[in-house]
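Here is a short report on one chain. Have the sequence and the model open as you read.

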Amino acid sequence: KANLKENNIWDGYPHDASAPFSLAKKMQIIQSSAYKSQYKLNSIVLIPSNAFGEYDNFNLQQSHVIPALIRKFSEAVKFNKKKVFVWGSKEVYRDFIHISDIAEGLLIAALNYNQVLPLNLCTGKKTSIGQIVDILKSVSGFKGKICWEKNKPKGQNVRTMSNSKQKKLLPQWKPKKTLKDGLKQTYDWFNQSYESKSLRL
């Protein structure tokens, strides 16, 4: 479902691919509310959108879409590959946010947000995997061909998030880093770490 609002978290059973993880996160909301009521534990629940950035997991067997693509483009340039293979479809949409903005959001929310209801931390923007690929192709300087593997898993077609409550209830924070700047920063960091052999791939 597109443009997910905080109350949508209770709408039916999650997507099969993420059900165990999603249900565990839902229980954190219940636990936070219960502990607050019974023990006066001051806690909040924040729901970040699709985070990416330095120190991510770049193992192609385990990584999410952006770290996987960063590694693929980096290795394609490094080893003079003619093709980069991308899973799924370019028409898959997410709300991507750099981890530095999430980190700042967590700190600001801890100081300024004090409600039981969960709160999204997101850009509120809809970005396609095709756009991510175009930016990384430009950032990396890759001149070869992009091959879309449509038989591979792609997840939900659209999973974006609403930032309407975030703007109202946490006006002290908003994401600062643009998608292109975040992708370039992460790509450059990956290359430097790759060259220094400090990555576990």
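## Ser32 and helix H1

In which helix does Ser32 lie? Ser32 lies in helix H1. Helices here are DSSP runs of H or I with at least four residues, strands are runs of E with at least two, and both are numbered from the N terminus. Ser32 has 10% relative accessibility and counts as buried. Buried means under 20% relative accessible area, exposed means over 50%, and partly exposed lies in between (1.4 Å probe, protein chains only). Not counting residues up to four places away in sequence, Ser32 touches Ser43, Ile44 and Val45. A contact is a pair of heavy atoms within 4.5 Å.

## Basis of the values

This is a predicted model: local features need pLDDT of at least 70, side-chain atom pairs count only at pLDDT 80 or more, and totals for chains, interfaces and linings use all residues. Residues are numbered from 1 along each chain as its sequence is written, and side-chain values use heavy atoms, with hydrogens and water left out.

Together with Trp10 and Met27, Ile30 forms a nonpolar patch on the surface. The accessible area of the three together is about 330 Å². Such areas come from the Shrake-Rupley method with a 1.4 Å probe, and for residues only the protein chains shown count as cover. Patches take residues with over 30% relative accessible area and no salt bridge; nonpolar side chains (Val, Leu, Ile, Met, Phe, Trp, Tyr) are joined within 5 Å, like charges within 9 Å.

Ala17 lies in the segment before helix H1, which covers 19-39. Ala17 is exposed, at 68% relative accessible area. Ala17 and Lys180 are 163 residues apart along the chain, and their C-alpha atoms are separated by 28 Å.

## Helix H2

How far apart are the end C-alpha atoms of H2? They are 20 Å apart. The expected span is 1.5 Å times one less than the number of residues.

Ten of the 14 residues of H2 are buried, so the helix is largely enclosed by the rest of the structure. Among the buried residues are Ile66, Pro67, Leu69, Ile70 and Phe73. Their cover includes strands S2 (50-52), S3 (83-87), S5 (96-98) and S8 (145-149). Helices H4 (129-140) and H6 (179-195) are also part of the cover. After H2 comes Asn80, with a positive phi near 55°.

## Glu75 and its partner

Glu75 lies in helix H2, residues 65-78. At 10% relative accessibility, Glu75 is buried. Leaving aside neighbours within four places in sequence, Glu75 contacts Asn80, Lys81 and Tyr194.

Glu75 also forms a salt bridge with Arg71, with the closest N and O atoms 2.9 Å apart. A salt bridge is a side-chain nitrogen of Lys or Arg within 4 Å of a carboxyl oxygen of Asp or Glu. Arg71 and Glu75 are four residues apart in H2, about one turn of the helix. Arg71 is buried too, at 12% relative accessibility.

## Other salt bridges

How many salt bridges does the structure hold? The structure holds four. One of them joins the side chains of Lys176 and Glu104, at 3.0 Å from N to O. Lys176 lies in the loop between helix H5 (164-169) and H6, and Glu104 lies in helix H3 (residues 99-112), so the pair ties together parts 72 residues apart in sequence. Lys176 is exposed at 62% relative accessibility, while Glu104 is partly exposed at 26%.

Lys184 and Asp188 also meet in a salt bridge, at 2.7 Å from N to O. They are four residues apart in helix H6, about one helical turn. Lys184 is partly exposed, with a relative accessible area of 41%. Asp188 is partly exposed as well, at 27%.

## Cysteines

A disulfide is a covalent bond between the sulfur atoms of two cysteines. The rule used here asks for a pair of cysteine sulfur atoms within 2.5 Å. By this rule, the count is zero disulfides. Cys122 is buried, at 0% relative accessible area. Cys147 is buried as well, at 12%.
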